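Here are a few friendly notes to read alongside the model. Take them one at a time, with the viewer open.

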Amino acid sequence: MRSTRLIAGLIACTAILTAHAALAGTPKSPAQAWQALTRIDVQAAYRLLEDNHPGALPQTGDTAFRTALRSAHVLALKRAAVVRGYPGYVATLAGFADSMGDGHIQSDPLFKPVVLKWAGIIAARRGNEWLVAQEDRKLVGVNVVGARIVACGGMPVKRWAREVIGFHTDASVAALQILNGRWLLLDDGNPFVKWPATCTFVTTRGASRTLRLHWRRIFAATLRHHYRVPTHGEAGFSFAKWRQGYWIAMQQLWYRAGPVIAAARAHEAALRTAPYVVVDLRGNSGGDDSYGRHLADVIYGRGYVDAKLGAEHSHSGCPETYRASAGNIKGVEHYLKLFLRMGDMAGARDWRNALREMRAARAQGKALTGPPTCKDSAANTVVVRSQMKGRVIVLTDASCFSSCEDTLRAFMKLGATQVGVETGADTHYAEVRHITLPSGLSIFTTQESILTGMPMQEGPYVPARRFTFHGDMADTAAVKAWVAGTVLPRLVDFTASPDG
């Protein structure tokens, strides 16, 4: 416990000293120091987006982004004026980031709370419902596991969820509520939330009851170890024969996906004649969508993929346009060095080209390296047939985001069917970079480019076949049983395959 107290003391000292330097005077109270510190970091986060994010430029035509940025800035400064400690500081920066409507824009505090408050209930969102996933019976007083939560503090649960979870993620996206559902009834000290005294539940037998909540302190480590509720699956990385078809698991679109694609390529002929292939993307929050593209080449044939999607790296025949700010140029220089150290020559080539375009644009006084929008000119009039004879099924959960969504969109254009749980939502902005805010207490992110061949808003993608909402996407055996027993009989024509 001594080390924890020491860290907390260092946080407070850092905050007060930073605020003191900024104000060129001595704060009259610790609260004033925190208010000054929060204001400094809010301004730095605002300038990061205003000076570097493509959406902040009028010529990109993203009125919604610029409006959100102004509104979030005003609200964050208003909150900063009443902050009294570290929890208020964290909530203010988080609220600012989450108001921007893009999960890539984040405020990530470097110090997490050691102690929280809870009422003995861990909530989870399943589909459109909020359920009690776990409980401390002694604290709650009765058994409510599995019960639906319908209201808290007299507020409908959907409204309450948007209010409280909005300080942890973009609460307008269902998938992000699923991933952050535990915060529904966890008090992290946020001073801008009035925690409820009661909640109303509907039990598994259909009875409605309102319970008084008894809030108590609990160590965050205890919650992690004893009350962990999975919010998504973990596909892992594998290529395997599964029943009459194949199961391909890629939990991330990164270097670990390479051997999986290589294994699929080694079985290319058998893969293409199988009655079905399941591409398992559970737990996949993105990475580099070229890995998804390479897997598609193996399954469908490169000619067909190019005809449907355009040449690789073309984003449907449209260029990637960067905002050529000084900060973004430094960010791309960093990524170029990183990819060279990793030995990823293809990635390094892309970063080198981006860097050359950005420097040229800046030298000419241009804010962007190219047009902010693009009409797809890569349509291929040549008819190319798919080499895949069977059905391709893409399995997603709530964690699917960014390049995972790009990969899913590409596969669906090629004819695949999505099953599982709906994905997150994304925008056409890409290439994330981050800075440490002046206090040294948080990291804040921006984006550097526009994928001009993508829609301004992407997702959420809703599956054609939904996984049972009261089930657990982390339970691989249950998921595979569901695919075998529910999905395959409805989607696959086994009589068309010699293995049927």
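1. Which residues in H13 meet which residues in H14? From H13 come Ala326, Asn328, Ile329, Val332, Glu333, Tyr335, Leu336, Phe339 and Leu340, and they meet Met345, Gly347, Ala348, Trp351, Arg352, Ala354, Leu355, Met358, Arg359 and Arg362 in H14. Contact here means heavy atoms within 4.5 Å.

2. Before going further, note that this is a predicted model, where local features need pLDDT of at least 70, side-chain atom pairs count only at pLDDT 80 or more, and totals for chains, interfaces and linings use all residues. Residues are numbered from 1 along each chain as its sequence is written, and side-chain values use heavy atoms, leaving out hydrogens and water.

3. Now look at how the two helices lie. The axes of H13 (residues 326-342) and H14 (residues 345-363) come within 9 Å and cross at roughly 160°. H13 is therefore roughly antiparallel to H14 (the term covers angles over 145 degrees).

4. Next, the salt bridges: a side-chain nitrogen of Lys or Arg within 4 Å of a carboxyl oxygen of Asp or Glu. The whole structure has 14 of them. One joins Arg293 and Asp297 (4.0 Å, N to O), both in helix H11 (residues 290-300). Both residues are buried, meaning under 20% relative accessible area (1.4 Å probe, protein chains only).

5. Another salt bridge pairs Arg409 with Asp406 (4.0 Å, N to O). These two sit 3 residues apart in helix H15 (residues 403-413), so about one helical turn separates them. Both Arg409 and Asp406 are buried.

Methods
Axes are lines fitted to C-alpha atoms, for helices over the stretch in contact, and angles run from 0 to 180 degrees between N-to-C directions. Helices (H or I, at least four residues) and strands (E, at least two) are DSSP runs, numbered from the N terminus. Angles under 35 degrees count as roughly parallel, over 145 as roughly antiparallel, 65 to 115 as roughly perpendicular and the rest as oblique. Buried means under 20% relative accessible area, exposed over 50%, partly exposed in between (1.4 Å probe, protein chains only).
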